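User: I'd like to go through this structure in short questions. Start with the pockets, then move to the strands.

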Amino acid sequence: TAPGPCSYTTLRDEAVKLFNSLQQLESERDPVPLMQGVLQTCLDLPPLVDEIYCQLVKQTTEPPAPGGQGDLHYWQLLTCMSCTFLPSPPVLRFLRFHLDRTEKRFPSSEMAKYACFIREALGKTKGRECVPSLEEILVLMQRQEMICTVHCPGAPACSVAISSHTTAEEVAQELVSRLGLSQSPNLFALYEQSRRREQPVGSATLLADVLTRFE
């Protein structure tokens with residue numbers, strides 16, 4: 001296997017490194033940077049996505065302490081994976097079976113709540129340009145939405161709740177409605193502004209990817 005980007009070695013070696021990271025995740029006090037590292041490797045090396053999904057299913061099947069901190073760390077990473085990557089069809093079927101089994105075995109548990117969240121996310125995920133930001137990972141761990149602040153010309157800044165799947169067009173439409181501009185003949189779009197440039201955000205662009213770029 002040829003080396004990948006960012007000084008990666010072979011896929012086999014990177015798979016071993018990811019497996020070691022998953023082992024470390026179980027006892028990590030602050031798992032967020034480690035989770036983001038795993039996600040970034042999967043983004044850079046797509047063939048490893050299925051491998052990580054399978055490893056996470058394995059780690060969350062018959063865990064030593066169901067619902068314990070280590071078990072929930074695996075579920076939280078699985079949640080982040082489901083909002084970032086779609087596995088191949090065979091692995092997706094395997095994953096859905098695992099989610100159904102978990103909800104039936106542990107109804108009303110935290111694991112069942114993550115399983116339900118993951119199933120819904122898989123129905124919306126289409127692929128990401130960037131891995132989730134540290135802030136996004138934190139809210140996904142709580143199965144919550146992020147708050148995005150949009151500055152509108154001639155109006156106060158607006159706070160909008162977004163998920164990992166919210167597009168720029170959806171946010172623009174919500175702001176148009178809030179500001180009472182639904183009947184306006186003008187077209188509206190979101191812009192991202194940095195110190196160097198200002199550019200429109202494509203209507204289909206995920207706002208979560210824009211926030212990651214700012215991070």
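**Pockets and strands**

User: Which residues lie nearest the centre of the second largest pocket?

Analyst: Here a pocket is an open set of 1 Å grid points where a 1.4 Å probe fits, with protein on both sides within 12 Å along at least five of seven lines; lining residues have an atom within 4 Å of a point. This one is lined by 15 residues. Nearest its centre are Phe-117, Lys-124, Ser-163, Ser-164 and His-165.

User: What pLDDT limits apply to this predicted model?

Analyst: Numbering starts from 1 along each chain as its sequence is written, and side-chain values use heavy atoms, without hydrogens or water. The model is predicted; totals for chains, interfaces and linings use all residues, local features need pLDDT of at least 70, and side-chain atom pairs need 80 or more.

User: Which helix gives the most to the lining of the second largest pocket?

Analyst: Domain 1 (11-141) and domain 2 (146-214) both give residues to this lining, so the pocket lies between them. α6 (110-122) and α7 (134-141) each give two or more residues. The top contributor, with three residues, is α6.

User: Which side chains of β1 are buried?

Analyst: Strand β1 spans residues 146-150, and its side chains alternate.

User: What is the bridge partner of Val-150 in β2?

Analyst: β1 and β2 (residues 158-162) run antiparallel, joined by five bridges. In β2, Val-150 is partnered by Cys-158.

Definitions and conventions
Buried < 20%, exposed > 50% of the residue type's maximum accessible area, 1.4 Å probe, protein only. Helix = DSSP H or I, 4+ residues; strand = E, 2+ residues; numbered from the N terminus. Pairing = 2+ DSSP bridges. Domains from an automatic or database assignment.
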